[in-house]
Amino acid sequence: MALQFTTSYLEDALHVFRYYKALAEGAMVQVTDEQLCTVLDPEMNSIALIVKHMTGNMRSRWTDFLSTDGEKPDRNRDSEFCDGPPDRASLMRMWEEGWATVFGALEPLTEADLARVVTIRGEKHSVMQAINRQLAHYPYHCGQIVFLAKHFQSDRWRSLSVPRNRSQEFNTKVAAGEASQR
């Protein structure tokens, strides 16, 4: 799909969130259920724990986004890094619920809302700053998911962007309006 030109910050932010959601999903679908829970070393997180952390963050940041602190009192961030969901279906349900919270908070916003003030851990942020904070955070973790999935799949990996040795073909599609990196 070709890039949709916009000068709307909110429209573009939503597009970027959706892009990274789809990227991580394209990676997760390629791994086995066992690989979703595999860690490479004791200091790393599995895909399942990354998803659990992301969705904990999403629930906390975006529930009652404009009226309550983005770090909810009932969030236990440390618990997000132990005991992942029991199966793929639970993991994906958690994933979808988290993203539904993000989109449910962002889609009703207007450009005028960007200057409003929200707090995260008591620190004041403009709505735009709070969105940017998560536009950095979620793609970071989506990249971890892609990295792990690519590692597990190795030569069975199906590229989620521009496949190796096919840059010119991809560039031709972009020029024709048939594809976009975003």
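Is Y138 buried or exposed? In this predicted model, Y138 is buried, with a relative accessible area of 0%. Here is the setting around that residue.

Start with the helices. The axes of α1 (residues 9-28) and α5 (residues 127-153) come within 9 Å and cross at roughly 20 degrees. Angles under 35 degrees count as roughly parallel, so that is how α1 and α5 run relative to each other. The crossing of α1 past α5 is left-handed. On the α1 side, the contact residues include F17, Y20 and L23, while α5 brings in Q134, Y138 and C142, among others. Sorted by class, this contact has 19 nonpolar residues, 2 polar ones and no charged ones.

| Pair | Centres apart | Angle of planes | Class |
|---|---|---|---|
| F17 and W62 | 6.4 Å | 80 degrees | edge-to-face |
| F17 and Y138 | 5.8 Å | 50 degrees | tilted |

F17 is buried at 1% relative accessible area, and W62 counts as buried at 3%. Ring pairs join F17, W62 and Y138 with F65, W95, W99 and F103 into a cluster.

What does Q134 touch, leaving aside residues up to four places away in sequence? Its contacts are F17, N57, R61, W62 and P139. Q134 is found in α5 and is buried, with a relative accessible area of 2%.

Methods: Residues numbered from 1 in each chain as written. Predicted model: local features only at pLDDT ≥ 70, side-chain atom pairs only at ≥ 80, totals over all residues. Heavy atoms only, no water. Axes fitted to C-alpha atoms, helices over the stretch in contact; angles between N-to-C directions. Helix = DSSP H or I, 4+ residues; strand = E, 2+ residues; numbered from the N terminus. Parallel < 35°, antiparallel > 145°, perpendicular 65-115°, else oblique. Left-handed = near helix turned anticlockwise from the far one by under 90°. Contact = heavy atoms within 4.5 Å. Nonpolar A, V, L, I, M, F, W, Y, C, P; charged D, E, K, R; others polar. Buried < 20%, exposed > 50% of the residue type's maximum accessible area, 1.4 Å probe, protein only. Phe/Tyr/Trp six-rings, centres within 6.5 Å; stacked < 30°, edge-to-face > 60°.
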